[in-house]
Amino acid sequence: MNATTHEVILRSTVRLARLSFDAAAASVFLYDLDRDALVFEASSGVGEDQLVGVAIPADRGIAGWVASTGEPIVIRGVAEDARFNRDFAAGTGLVPDVIMAAPIEHEGEIIGVLEVLDPRLESVGEMVAIDLLTELAAQSCAALSLLLAGRRERARHADAAGALGQLAAILDTADPQREAAVGELVGALARLLGVRCISPT
Amino acid sequence: MRTIRFAHHSVGATVSPGRIPAPHPVTREWAWGAATGRGVRVCVVDSGVDATHELVRGIAGQFTVEDGDPQPRVVPDDAGDVAGHGTACAGIIRSLAPEAELTSVRVLTRNLRGNGDVLLTALHWAVQQGFALVNVSLSTRREALKERLHDLTDRAFYDGVTLVSAAHNSPVVSYPWRFPSVLSVGSHAYADGEYLELNPRPPVDFFAPGVNVPVAWPGGATKVVSGNSFAAPHVVGLCARILQQHPEFRTAQLRHVLAAVSDNVRSQP
C-alpha cells in the first residue's frame, strides 16, 4: 500500500464515520511521535480539510484525553466551552454541541483519535454509538499505522546528516573499480548487524 | 448476527440476596445515613481539576507527574484541568460526598508512550499518601505494565487504600479495573446518582450512572457526558459516605456493603 492508498482510507474513514451518525462532520487526528502532538489529518463535512496539518498538544483537550487514556467518550454542551470555541472549532466554521471521540489503536498503541461532531445519537443511543465508533476506528487502524510508519521511514531517508544518508552518499560515489572494496564493506555491515549477506549466484 | 453494544454496561440483570454475606436487606441508613464524606481523603488521578468550579468547591491539593532521574516523580501543579475530564469526575464525587477532601494528580502528558509510567507513578504516590479512596477513570492496555500495576493494586488493597476504577468503554482487556483488588465500575443509564447495580457477572463489580451524566467542566461550565469514566466517581462518592459512617472499613468491606445496598439485589418473582 502506498501513501495515496492510505490517504484514501483515511478519507473513507471520516466519511463513513460522518455518514454513520448523520453528523455535521468527522475528523481524524494522528499522533506525531516526533512532535508529541496530535495532527489533524482529514475531515468530512462542515469545514472539510480546513485544518489539515494543524497540530495540537497531545496533553490538551478532549482529543488529548482520548489519546492518552484510550477511552472513547461522548460530550454534550461543547459549544458552551469558551476555550474550545476560541482555540480550534471556530477555525473550522463549525462549533459543535456534541463531540464523540474514540481512540485509534494498533497493536496496543494509540496512534490517533477519530472524532464525530454533532452526531445524531437519538436513534441508536450513546452506548451503541460509542461501540460503533470504536469499531470504525479499529477498522481503519491498520492502514493508518502503515501510513505513519511510511512517513517515519521517509523522514529518516530525508535526513541527509543521518547515518543512512551519509552511507547512501558514500555509495553514490562508488564506481566499478571499487567493487571489491564495497563488497568488503557490505560483508562487514552484514556481520555487524547480524544479517545474512545475499550474494548473486 | 452480531449485536453491537457498549462494553461493560448494565443489561438490567438482578442478583439473588443469597450472594450477600449478611442479613438482607442491609439498609442505606445503616450504610451511610446522613454522611457527607466528611474527613474522607479522596485522590482523583485524571486530567487535573478546576478547583474554582462551583460544583467542585475547592480541593486540598493539586499535583502532577514530571520526568525525574531516575524515575518520574509527583510534584505540585498549577495547570488546573487540561482536558475537562478530571473536573467532571471531581464534581460527581462532590455531588454525592460534598464534604470529602479531594486531591488531584494530573497524569495527562504530551508523550503518549510515557503515560504508563506516569500512571504507575501517580498511583504509587496515592498509595504512599494513604488516601482512603482513589478515583481511576482510566486504564492501560499495555501488557508490559500489567505485573507492576497488579503488584501496586495489591499493595493498595493491603494498605487500606481503595482504588475505584472505570471499566474500559470498549470490549477490551485493560488494567487496573480487571484486578479483583480494585472496585471496578461500568455504566447503567438511570438518571439517579445513587442508583447502584451489582454485576452478577464480573470482572466489572458495579454499575453506576454513565450515560448522559450532567457534570462540571472547567471555566464554570457544565456538560452532559457519557462513558464509564463517569460511573466510577459515583461509586467513589458513595464509598466516601460509607467510610465516614464506618471509618474502619477497607476495600473488602466496601465491596460487601455496596453489594448489599445495590438496587438490583432482589429475589426473582
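This is a short chat about a predicted model and how its chains are built.

Q: Let's start with chain B. How many helices and strands are there in chain B?
A: Chain B has 6 helices and 11 strands.

Q: And its radius of gyration, what does that say about how compact chain B is?
A: The radius is 17 Å, close to the 18 Å that the globule rule gives for 269 residues, so chain B is as compact as a globular protein of that length.

Q: What box do the C-alpha atoms of chain B fill?
A: Roughly 60 × 45 × 35 Å, taken along the principal axes.

Q: How much of chain B is buried?
A: Buried residues make up 54% of its 269 residues.

Q: Now the sheet. What is the strand order in the open sheet of chain B?
A: The order is 3-2-4-1-5-6-7-9-8. That is 9 strands, with mixed pairing.

Q: Which strands are at the edges?
A: Strand 3 (73-76) and strand 8 (197-198) of chain B. Each pairs on one side only.

Q: Which strands does helix 2 of chain B touch?
A: Helix 2 (residues 85-96) of chain B packs on the sheet and touches strand 1 (41-46), strand 4 (101-106) and strand 5 (133-136) of that chain. Its direction makes about 155° with that of strand 1 of chain B.

Q: Do strands 6 and 7 of chain B run parallel or antiparallel?
A: Parallel. Strand 6 (residues 162-166) is joined to strand 7 (residues 183-188) by 3 bridges. In one pairing, B:Val164 has B:Leu183 of strand 7 as its bridge partner.

Q: Switching to the core. Which residues have the most contacts inside the largest nonpolar core?
A: They are A:Leu133, B:Val42, B:Ile93, B:Val134, B:Val164, B:Val185 and B:Val235. The core has 130 residues.

Q: Which element gives the largest share of this core?
A: Helix 4 (residues 126-158) of chain A, with 10 residues.

Q: What is B:Val134 in contact with, leaving aside neighbours within four places in sequence?
A: B:Val134 is in contact with B:Cys43, B:Val45, B:Leu123, B:Ala126, B:Val161, B:Leu163 and B:Val164.

Q: Last topic, chain A. Why is helix 2 of chain A called largely enclosed?
A: In helix 2 (residues 61-69) of chain A, 9 of the 9 residues are buried, so the rest of the structure largely encloses it. Among them are A:Trp65, A:Ile62 and A:Val66.

Q: What follows helix 2 of chain A?
A: A:Gly70 does, and its phi is positive, near 75°.

Note on methods. Residues are numbered from 1 along each chain as its sequence is written. Chains are lettered from A and ligands numbered from 1 in the order in which they are written. This is a predicted model: local features need pLDDT of at least 70, side-chain atom pairs count only at pLDDT 80 or more; totals for chains, interfaces and linings use all residues. A nonpolar core is a set of buried Ala, Val, Leu, Ile, Met, Phe, Trp, Tyr and Cys residues joined through C-beta atoms within 7 Å. A residue is buried if 20 or more other C-beta atoms lie within 10 Å of its own, exposed if 12 or fewer, and partly exposed in between; C-beta atoms are placed from the backbone. Helices (H or I, at least four residues) and strands (E, at least two) are DSSP runs, numbered from the N terminus. Two residues are in contact if their C-beta atoms, placed from the backbone, lie within 7 Å. Two strands pair if DSSP finds at least two bridges between them. Axes are lines fitted to C-alpha atoms, for helices over the stretch in contact, and angles run from 0 to 180 degrees between N-to-C directions. The radius of gyration is taken over C-alpha atoms; the globule rule is 2.2 Å times the number of residues to the power 0.38.
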